[in-house]
Amino acid sequence: MPLLLNCDLGESFGSWTMGMDAAVMPHIDQANIACGFHAGDPLIMTKTLELAKEHGVRVGAHPAYPDLVGFGRRSMNCSADEIKAMVMYQTSALGGMAQSLGLSLEYVKPHGALYNDMMAKDNVRHAIMDAIASFHLPIRLMLQATPQMELHRQEAAERGIELFFEAFADRCYDDDGKLLSRTQPGAVHNKEKMLAQVKQLNEQGTITTVSGQTLSLQADTLCVHGDNLEGVQAIEAIRELIRP
């Protein structure tokens, strides 16, 4: 199966505009829609869902720590119960709005620091999985494809949920299969390297790490970004590459 393309959308707030959602939506398969904790508001959520419906794009909740000022980029010391509740709250909000518009919520992809904490801390990941398992409809969790994916699949199976494993089009990978820190040179690929990485991942199921090693990476979906015109053009080029 070809890689799906997913993008974080609905991240405007009030009169503040973030991203180019209308330009991005025709070129992706999955829209990760902000739920109000790091960005988004009821009107933005509605408009983004309507765009997804118009273009036949699958919708997922994009929950975060309650951090509007920091755009959800700052980690918070929350208990497992708090994490489970905040994920359930945001997922339910978007899921209810989607259902009212004739759409079905298909998955959850945590945002920013919550995503990073999910990948680094077992207790955070388990709390998020527990929230998804408790949702009234079957939905999936989207998380990063890493060498630990079999462990993550087992954790999900124990809770009766399924996963989407994602890779990143424009990020360089470290030798351990994790994303190279943005503080390191070369952490974000230019367009040429990005397209080469997408081609390799799509055709061979591998990526080349920062040191030149070849690493197997079995992903279902590819994260792309449409924050500006160059990003939208990159998404168009990626789609043409994986679906000629």
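Start with the lining of the largest cavity: 4 nonpolar, 2 polar and 4 charged residues. On the classes: Ala, Val, Leu, Ile, Met, Phe, Trp, Tyr, Cys and Pro count as nonpolar, Asp, Glu, Lys and Arg as charged, and the others, Gly among them, as polar. The lining residues are Cys7, Asp8, Leu9, Glu11, Met18, Gly19, Met20, Asp21, Gly226 and Asp227. Strand E1, residues 4-9, gives the largest share, 3 residues.

A word on the model. It is predicted, with local features needing pLDDT of at least 70 and side-chain atom pairs pLDDT 80 or more, while totals for chains, interfaces and linings use all residues. Residues are numbered from 1 along each chain as its sequence is written, and side-chain values use heavy atoms, with hydrogens and water left out.

How many cavities of 30 Å³ or more are there? The whole structure has 1. The volume of the largest cavity is about 40 Å³. Terms: on a 1 Å grid over the protein atoms alone, a cavity is a set of points where a 1.4 Å probe fits but cannot get out; a pocket is an open set with protein on both sides within 12 Å along at least five of seven lines; lining residues have an atom within 4 Å of a point. Points join across faces, edges and corners, and volume is the space filled by probe spheres set on them.

Now the largest pocket. Its volume is about 1,200 Å³. It has 50 lining residues, with Phe168, Arg171, Leu179, Arg182 and His225 nearest the centre. H4 supplies the largest share, 6 residues. By class, the pocket lining splits into 19 nonpolar, 16 polar and 15 charged. Helices here are DSSP runs of H or I, at least four residues, and strands are runs of E, at least two, numbered from the N terminus.

Next, the barrel. It closes with 7 strands, in the order E1-E2-E3-E4-E5-E6-E9, paired parallel. From one strand to the next, the twist averages 35°. Two strands pair if DSSP finds at least two bridges between them. E5, residues 140-144, and E6 share 4 bridges. Leu141 sits opposite Leu163 in E6.

Last, cysteines. The whole structure has 0 disulfides, meaning pairs of cysteine sulfur atoms within 2.5 Å. Cys172 is in none; the nearest cysteine sulfur, in Cys223, is 16 Å away.

Key:
Axes fitted to C-alpha atoms, helices over the stretch in contact; angles between N-to-C directions.
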